[in-house]
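Please keep the sequence and the structure in view while reading.

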Amino acid sequence: MLIGFFLLTLTVLYGCGQMPFQGVGSVPQSHGGPVRDHVSFVDNLRAAGYTVSPSGDVQQPFLLPRGTLLRISGGDLTAPADLQSFSYDDRDLGTDGMAAAQADVNQIQPDGQPRTARVTWSGPPHFFHKDRVIVLYVGSDPQLLGELQVLLGPQFAGQ
């Protein structure tokens with residue numbers, strides 16, 4: 001009976017796509033599909049051959065959610081770069097994430113300055129938006145900018 005339970009458990013886990021004995025340090029697998037939120041953004045970067053390492057939280061006073069600072073390396077980048085990814089999840093925000101993201105997009109002027117404050121950026125800002133994620137890249141790596149355009153569409157603000 002114990003063997004039957006064990007085999008049933010393995011069958012259920014395998015059928016759900018969960019392998020119970022994956023080793024520590026397994027390579028993250030992409031869930032596939034287009035970018036629609038923070039998780040799928042990270043998945044798509046990894047699927048494109050980049051190493052993505054979350055390196056902390058970030059807050060921009062003109063954006064509603066707290067963001068995640070991502071260190072991107074590998075692929076065709078000449079040097080690692082930092083991105084800020086802001087997730088507009090309904091449950092986390094307690095409101096309609098799509099509407100909140102659009103409201104925040106509307107608060108950023110075409111030059112990358114928020115309407116409510118003046119920011120001194122350390123480099124040229126580039127803002128991207130797709131569904132439930134806003135991504136901010138302050139820098140000028142043409143390969144990374146190209147990849148962000150492929151994944152998220154053209155930037156909506158910045159230089």
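Helix 2, which spans residues 38-47, is largely enclosed by the rest of the structure, because seven of its ten residues are buried. The model is predicted. The points below describe this helix and then turn to pairs of charged side chains.

- After helix 2 comes G49, and the phi angle of G49 is positive, near 100°.

**Salt bridges: the overall count**

- Side chains of opposite charge can pair when their charged atoms come close.
- For a salt bridge to be counted here, a side-chain nitrogen of Lys or Arg must lie within 4 Å of a carboxyl oxygen of Asp or Glu.
- By this rule, the model contains four salt bridges.

**The pair D57 and R66**

- D57 and R66 form a salt bridge in which the closest N and O atoms are 3.9 Å apart.
- Both D57 and R66 are exposed.

**The pair R71 and D82**

- A salt bridge joins the side chains of R71 and D82, with an N to O distance of 2.7 Å.
- This pair links distant parts of the chain, since R71 belongs to strand 2 and D82 to strand 3, eleven residues apart.
- R71 counts as partly exposed because its relative accessibility is 37%.
- D82 has a relative accessible area of 31%, so D82 is partly exposed as well.

**The pair R132 and D90**

- The side chains of R132 and D90 also meet in a salt bridge, at 2.5 Å from N to O.
- R132 lies in the loop between strand 4 (125-130) and strand 5, while D90 lies in helix 3 (residues 90-93), so the pair ties together parts that are 42 residues apart in sequence.
- With a relative accessibility of 24%, R132 is classed as partly exposed.
- D90 is likewise partly exposed, because its relative accessible area is 34%.

How values were computed: Residues are numbered from 1 along each chain as its sequence is written. This is a predicted model: local features need pLDDT of at least 70, side-chain atom pairs count only at pLDDT 80 or more; totals for chains, interfaces and linings use all residues. Side-chain values use heavy atoms; hydrogens and water are left out. Buried means under 20% relative accessible area, exposed over 50%, partly exposed in between (1.4 Å probe, protein chains only). Helices (H or I, at least four residues) and strands (E, at least two) are DSSP runs, numbered from the N terminus.
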